[in-house]
Amino acid sequence: MEFTLVTATPFLLALLLVIPPLKDLSKFAQTAISTAAMAGMFVTVLLTVPRLQDEHIIVYGIDWIPSLDIGLNFYVDGLATIFALIVTGVGALVFLYAGYYFDDAAEHNRFITWLLAFAGSMLLVVLSGNVLLTFVAWELTSVTSFMLIGFTGEKSSEARAGAFKALFVTGAGALALIIGLVILGVACGQILYPEEGIRFVADISEILQTEDLHKHEWFPIFTVLILLGGLTKSAQFPFHFWLPGAMSAPTPASAYLHSATMVKAGIFLFARLSPVMYKNALWSELLLVFGLATMLIGSIFAIKQRDLKGLLAYSTVSKLGAIVAMIGLPGQNGLKAAFLGIIAHALYKSALFLVAGTIDHATGTRMIDRLGGLHRQMPVMFLITIISALSMAGIPFLLGFVAKETLLDAMLHYSEPQTALILGVVMASSVFTAVAAYMLVYDVFWKPARQEIHFHQPPSPIRLGPVILSLGSLLLGVLVEPVIVPLLELAVPKEFELHVFAGFNDVFWLSVGILTAGIALFILRKPLIKIIGFPLSGDSVYREMIAYIDWAGENILHSQSGYVRYYLVIILGTVSAVLIASGTLTTVTAGKSLFPSDLSVTIIDLAKIFMLILAVAAGILTVAVREHVKAAIAFGVIGYAIGVIFLIEHAPDVALVQLLVETMVTVLIIIMLGRISTSTRYHVINNLWVGRHQRNFGLLRDLGISIVIGLAVFVFSLIALQNRAERSSIAAWHLENTPTVNTEDVVGAIVANFRGTDTLLEIVVFTTAALGVLTLLARGRKGSGPLAPRNADVERLHEFDVDVFEGVQDATDLSTPFTRSVSTVVLPIAILIGIAQILYGGSGPGDGFTAGVTFGLAVSLWYVVLGYHEAKRQLPWFRPALFTRLGLLIALLNALFPLLLGKGFMGHVEFDKALGLYDIVASFGLHVNSSLVFEVAIALTVMGGLGIIIEAIAFPKEVEPLGED
Amino acid sequence: MIEFMFALAIGMLFGIGVFQLLRRDLIKAAIGFAILFSAINLFFVAVSAFDGEYAPFVSNVEAGRQTSDPLIQALILTAIVVSFGSFSLVLGLVNIISLRYGTVDSNAVNNLKH
């Protein structure tokens, strides 16, 4: 249970921090909360260590996708615990540091929110017991890290480029990873459940029990894919270049993500899968090759860097390579060295990053050549750097020394022909790392600065985090036996010993040799840096690739002509081709004549046919008439004719909605026509009609396309109508069960009860559309109109000052005393009708929708007759945005409330029965239940959405015409 | 027979809607867009409701009468409201284009990226 809590806490806290009251707390308080949360999680994880020592593995979980046998599991063993301790422990100190790193409170709040989300994702990666969950969390770390690298992206193009690069590389790797994991899961399924068909095993505990996985024929495929995922994430050569780019992140993020946690996700993955993968030589060899290459290249590039954070980034790359190589050592012999390396590196590298950030903060630069002499101004930072850098170099008695001794020891005992070569690479890389460490101490702090540096002392508490981290490097080196060994014992499958000083053996003399060689190279560093170079960097390959992608995108764009006819022809062509090629048409039509054999018609049929003819005739009219107003009215006729057909077809609810919506649509078109100047409209009318003889070809082409499409639709409908099923198979169920929700109207019951979730989503869609209209039309407005902020309410008084709008013809010609009084009378009637439709929606046609639309129609009448400003002034209580909010809120609460009663989402609750008022209420023909509440919510939402649309369209505004640009 | 007439009307309305979309007049194109919706709703009701002789009310069911299919009616109901929402979005687009470009001729509208 505690692991669920540990994973959920960062996410919850991140959510709470973006809203009041936590958002409004002081920077200090927010720092305290986030630090305490991480520290608490650290302690929680630490407290589970004794239990792990007994049980070794803690597995638990809940159902997630039971049909696929995929659970939301936690799988906690020693490996996960070590990582969780790093994430939470280093995390707490980084959060503490961040509180003093940022000067601006809002920036700090935004930063720690993302950092918390990242911490949660990282914890989920390491604690997850299901590879799919691991993958989701893996992607979350990429996304949150994107936000953190690009944190200053508004100002800095470098930050944007760095963030994109990181997302691109790790995201591409993740694509390979998920494919690899799925293949791996299926392979496990074949081994574990040979009798079943294809079975995807996602459970990590099951995967780790697959003994013979390394013999599976797909092993090379998923190994390469999973390695691609892990190598990109852990910045291994040749994918290492994104990590230095990520240094544009604020330093706390660099310290946390790009040294201690996120880049170790790949390493975690390798270590996690190692027990079932290591027996295959391919796995070991690939890890060794990539790891060693990265180790050497990273350490050489590190000393070439002039940017302090660049140096740290490349030395991180190098260390990650060393750890990858250790995991790849055959027979899991390097695991101990790998885990020790992870811990040591997390401690010293995050401390060094935090120091770098403090230096940057205090002096305004991170350029090594410009820095110097800081040991006087920042003695504490100097001390921290000495300890951490020497731990990095591997000076005796520091944790880094123990880690390196273990590493060298593991390499020495690797009995393969290439041992000498491998040992040489490790030695060379260690020498360069030592040079980098000396440079950190000497060049940055000790040597005198070339020119005067502007310096201001950072706040003292900023030192606390790095001090604790460097103390960790110092103390854990000495305390390696009582503290580190029990932890590693949980994670390493073999017996082992660890000592802070193992005696004057081979390994010790190797160490001494490395440190001495390092000093020699350090003295020669200036000429050395000049000759280091690499002809082809991963970065340039990346840039080439991005350029190609852009180029391909440009070319694909050329295929988009922008003409509707072009798309229609392609869509129609594809659909026809698929229908004909698949043979669907022939099987459906087999044995039935498409053309009517029986020509008899009933009276009802005649009425339907009349309405159809009316609709088609009106349709032709919309094309034939020149004026838009007439076309709009002809369009209204189509809608009414179809509405009457609905009525004849025994669909009174649909007919009612159709008639109302049709009216609304026609009104909207007419309002909009009033908004578009006559000259604008006549320009196109004259162009298209007067000069028609010149455009015969275009007209014929369009006519041809639409006739072909019309014919195709005709044939399709005819086939569908001739072969239609009797009725939908679940119709009977709905007809039978409607009485259980005290409703007379079956359609109403379906909308409000049986398929209520659809309706819930539908009103959200409707609201979104309304907001879309508002956003479209609100562009180019200056601080007024429906989108105006609430505090503009005061200014609204000025807005209604008639003088201001003297030039704007707002009220229409329709505004006569008669129309004014009609609109005044109609509104209350519409409200009454609407209320009646809601209350008695269950017993007859009409429901929340129709109530909302009826009301919207009455209001739009006001807007048509009186114009925007007059209507707005006369109806001050008409607040569409408020209605929408209320409606959606009520709908959501109504859907959630039954959950409390254990009835499930959108369950049916009878409030009247619960309150003992059923008989009284029922005597009025009413039923107070969740359907009623839902109808009210629907009505409010539709009313609000319509109001938003009407206001947006009716708002008289001056949009600036598009300029010449 | 009535099926044939329905199919014919649906096909014609659809063709008319497509034709309007193809022309350059954006206002008429918006109307054509709405006609397409109507044609589709008409198709749904035509497919569903032929054998019903009464409205789908519980009293009709209890009286043993053959009612029309309620499920597809609920579907059309939803479709009408959603299509209305998207139609108002189209209207908003036409509106903003006419204001920014001073014309509703689709050929004159370029550079919508801006």
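Visitor: Which exposed residues sit on the face of α22(A) turned away from its buried side?
Guide: In this predicted model, that face carries Asp506(A), Trp509(A), Val512(A), Thr516(A), Ala520(A) and Ile523(A).

Visitor: And which residues of α22(A) are buried?
Guide: Leu510(A), Ser511(A), Ile514(A), Leu515(A) and Gly518(A). Seen down the axis of α22(A), they fall within an arc of 135 degrees, so they line one face of the helix.

Visitor: What covers the buried residues of α22(A)?
Guide: The cover includes α17 (379-393), α18 (399-412) and α19 (419-446) of chain A.

Visitor: How does the span of α22 compare with what its residue count should give?
Guide: The two agree. Helix α22 has 18 residues, 506-523, and at 1.5 Å a residue these should span 26 Å. Its end C-alpha atoms are 26 Å apart.

Visitor: New topic. Where is the cis peptide bond at Pro238(A) placed, and what is omega?
Guide: The bond joins Phe237(A) and Pro238(A), with omega about 5 degrees. Pro238(A) is in the loop between α9 (219-233) and α10 (242-245) of chain A.

Visitor: Now backbone angles. What is phi of His56(A)?
Guide: Near 70 degrees, a positive value in a residue other than glycine. His56(A) lies in the loop between α3 (49-55) and β1 (58-65) of chain A.

Visitor: Is His56(A) buried or exposed?
Guide: Exposed, because His56(A) has 11 C-beta neighbours inside 10 Å, and the cut-off for exposed is 12 or fewer.

Visitor: What about phi of His650(A)?
Guide: Phi of His650(A) is also positive, near 60 degrees. This residue is in the loop between α28 (628-648) and α29 (652-675) of chain A.

Visitor: Buried or exposed, His650(A)?
Guide: Buried, because His650(A) has 23 C-beta neighbours inside 10 Å; buried needs 20 or more.

Notes: Residues are numbered from 1 along each chain as its sequence is written. Chains are lettered from A and ligands numbered from 1 in the order in which they are written. This is a predicted model: local features need pLDDT of at least 70, side-chain atom pairs count only at pLDDT 80 or more; totals for chains, interfaces and linings use all residues. Helices (H or I, at least four residues) and strands (E, at least two) are DSSP runs, numbered from the N terminus. The expected span of a helix is 1.5 Å times one less than its number of residues. The arc is that of the directions from the helix axis to the C-beta atoms. Two residues are in contact if their C-beta atoms, placed from the backbone, lie within 7 Å.
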